Amino acid sequence: LIQREFYVMDHLFILDFKRFTDDLAISCVVEKNLFFFQDSSLLIVLRALNGEQMLEKKDFLFKEKVKKEIIIDQDLWFNRKEIIIGRLKSLLGLGKRVFARKCILKKIDSSHAIEFFDSNHLLGGAKCKFNYGLYYNSELIAAASFSSPRQMKRGEENVWSFEWVRYAPLVGYNVVGGISRLLEYFKSSENPQEIMSYASKDWSEGDVYRKLGFLLVEETKPIKFYINSRTFERISEKQKERLQLSNPSILCENKDQFIELFNNGNLKFLLRIF
């Protein structure tokens, strides 16, 4: 019964994504869970909860033509679909283009930033010390958040290091130059000696960071999550541990409902300014 449920969910996932690609009216090669947009050389790999019958890039007929690969998990598609669609349209050149130089840059408070990222970033909001936004026609269309500084040992020196925690445009927008303008404003305002950030390997090879002068310093191991197969809620191992401590019976009684999923890990980038 459970295998049948998985099959139905996987099938609906692929069908739903296929409807989205059909609506785009862009040339797309489809092979099971692989969707290849030839004009942009973009390969999208759908990663279903039960991926036994799924294909990978190495099995794809046109793999040599792929220049960028994105992996979309089933739980994120159903819970964060509008955000994913917005990001894909931007990558395919279908987003609304606004130039950052035409925007007004403002500091925004943490609650405003969290609200914006909850609606426009796959990971949702995060409480950060420094938050900035770009406004176009009085509408917030891009935002960036940075952490408080921490002192880090670099050789014989101690430096103040900040983490770039979030950046996102408004869903459906491509804010040209938005990332660099927000970063430069933060650098001029806070004079950081070092900025660190992560890129998800499911979505990026870190090209944007490299263009901004960041250096790749580490590749993290894949991270394990647990997915509720009925609600598609994603919880981390730490959240699972807390859940077991607060209600030990919940995962035992519903063990078939929670599925292990590993992402591809992250790329850690560092920008040293000192």
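## Salt bridges in the model

A salt bridge here is a side-chain nitrogen of Lys or Arg within 4 Å of a carboxyl oxygen of Asp or Glu. By that rule, the whole structure holds 15 salt bridges. Side chains of opposite charge can pair when their charged atoms come close.

This is a predicted model, in which local features need pLDDT of at least 70, side-chain atom pairs count only at pLDDT 80 or more, and totals for chains, interfaces and linings use all residues. Residues are numbered from 1 along each chain as its sequence is written, and side-chain values use heavy atoms, with hydrogens and water left out.

## Overall fold

The chain has 8 helices and 17 strands. These are DSSP runs, numbered from the N terminus: helices are H or I with at least four residues, strands are E with at least two. The radius of gyration is 20 Å, close to the 19 Å from the globule rule for 274 residues, so the chain is as compact as a globular protein of that length. The radius is taken over C-alpha atoms, and the rule is 2.2 Å times the number of residues to the power 0.38.

Along the principal axes, the C-alpha atoms fill a box of roughly 60 × 50 × 40 Å. Of the 274 residues, 43% count as buried. Buried means under 20% relative accessible area, exposed means over 50%, and partly exposed lies in between (1.4 Å probe, protein chains only).

## A pair within one helix

Lysine 18 bridges to aspartate 22, with the closest N and O atoms 2.8 Å apart. Both sit in helix H1 (residues 2–24), 4 residues apart, so about one helical turn separates them. Lysine 18 is partly exposed at 29% relative accessibility. Aspartate 22 is also partly exposed, at 47%.

## Pairs across the chain

Glutamate 219 forms a salt bridge with lysine 201, the closest N and O atoms being 3.0 Å apart. This pair links distant parts of the chain, 18 residues apart. Glutamate 219 lies in strand S13 (residues 215–219), while lysine 201 lies in the loop between strand S12 (194–200) and helix H6 (207–211). Lysine 201 is partly exposed, at 28%.

Glutamate 237 and lysine 224 meet in another salt bridge, at 3.7 Å from N to O. Here helix H7 (residues 237–246) supplies glutamate 237, and strand S14 (residues 224–228) supplies lysine 224. The two residues are 13 apart. Glutamate 237 is partly exposed, at 37%.

Salt bridges with shared partners join Arg47, Asp73, Asp75, Asp202 and Arg234 into one network.
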